[in-house]
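Subject: Structure handover

Hello,

The structure is pasted below for you to look at.

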Amino acid sequence: MLRIPGRLGRLLRPMVRAESVLQSLRNLPRTDCRTLVGAQPVLVLAPHPDDESLGCGGLLAACQEYGLDAYVMVLTDGCGSHPRSREYPPARLATTRASEARSAIRALGLDDDRIEFLGLPDGHAPTRGARFDAVVSCVAAYARARGIGTVCTTWLHDPHPDHQAAYYIGQRVAWQIGARSLYYPVWGWTVPPDAWLPATPVFGACLDIARQLAAKRRAIACHRSQYTDLIRDDPSAFRLSPAVLALFDRPFEVFCEIPDVG
C-alpha cells in the first residue's frame, strides 16, 4: 500500500474556508452546564491570563452557580503583551497579569485558591520534548489530585503558538488521567473568513451563558492591561480591540467535543 509522508499528507488533506468551520461552531446545538461537563470537577487550561475569561468565563460562572467544582491553570506569564514597556518590565507585568486573573475569577464566583500559574515564558509553551513532558506531568498531577473529569483547553486552530501548545498539553493530560477533553476557540474567532482550515467534522456544543454573561463581562473587564491604556509607554503593544472583545460578548460559548485533526 502506498504510504504518504505525514507532512505531505497534511498538505493533501481536504481544506475548507474558515468561515464554513466557524459557522459550524456557531450552529452547534445549545446545551447547559450540567449536560456539557457532568458532575465531576472541571479544569480550564488558559494559555495566558485572560483566556480563561474570554473563552470560558461563562462556563466557570455556570459551574459556580450549579455547585460544580472548577479550577483554572494559566500556562504562561503573559509578559509578551508589552515587551517594550519600561514602566512594566517582565516581572511587574507578570505580577499585574496574575492579579488581573485572580480578580477575574473572583468576578466569576471562584475563590483565589481555584487558580494556579505555571509561569512559562509567554510565546514559548512547549509542544514536544522534555519540557512538554514535564508540563504535562505537572498539570496531570494537579488535575488528578482534584478529581478532574473534564479538561477544557484551547482549540487547535487558534492562530497562536501558546494556544496550540495548550491544546496538545490538555489533550495529553486528559488522556493520562482518563478525563474528557473539550476545546474552546479564542483567537480562532479572528481567523479571516477566506483562510483555509482542515475539512473535518465539527462536534460539540454551544453552552448557553445568557445568565452568566454579566459575570463574564465583569471578568473580562478585570484584565485592564490588555484593553486599556493602563500601560502607556509601549504604543506598539498588544491590545484587545472593541471588535475583538465583541466576539466574546455573546450569550454562548463553544466547546468542541473531539480534536479536529487526528
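Predicted model: local features only at pLDDT ≥ 70, side-chain atom pairs only at ≥ 80, totals over all residues.

Residues are numbered from 1 along each chain as its sequence is written, and side-chain values use heavy atoms, leaving out hydrogens and water.

Glu-52 lies in helix α4; helices (H or I, at least four residues) and strands (E, at least two) are DSSP runs, numbered from the N terminus. The Glu-52 side chain makes polar contacts with those of Ser-53, at 2.6 Å, and His-223, at 2.8 Å. A polar contact is a pair of N or O atoms within 3.5 Å; within protein, one must be able to donate a hydrogen and the other to accept it, and residues adjacent in sequence count only if both atoms are side-chain atoms. Leaving aside residues up to four places away in sequence, Glu-52 touches (heavy atoms within 4.5 Å) residues including Val-44, Leu-60, Ala-101 and His-223.

The salt bridge count comes to 10. One of them joins the side chains of Asp-50 and Arg-97 (3.4 Å, N to O). Asp-50 lies in the loop between β3 (42-46) and α4 and Arg-97 in helix α5, so this pair ties together parts that are 47 residues apart in sequence. Both Asp-50 and Arg-97 are buried.

Asp-69 and Arg-114 also form a salt bridge (3.4 Å, N to O). Asp-69 is in the loop between α4 and β4 (70-76) and Arg-114 in the loop between α5 and β5 (115-120), so parts 45 residues apart in sequence are tied together. Arg-114 meets Asp-113 in a salt bridge as well (3.9 Å, N to O). Asp-113 counts as exposed, at 55% relative accessibility. Through shared partners, Asp-69, Asp-113 and Arg-114 are joined into one network.

Lastly, helix α8 (residues 213-221) has Leu-213, Ala-215, Lys-216, Ala-219 and Ile-220 as its buried residues. Seen down the α8 axis, they fall within an arc of 155° (from the directions from the helix axis to the C-beta atoms), so they line one face of the helix. They pack against α4 (51-66), α5 (90-107), α9 (242-246) and β10 (252-256).

Regards

Methods. Buried < 20%, exposed > 50% of the residue type's maximum accessible area, 1.4 Å probe, protein only. Salt bridge = Lys/Arg side-chain N within 4 Å of Asp/Glu carboxyl O.
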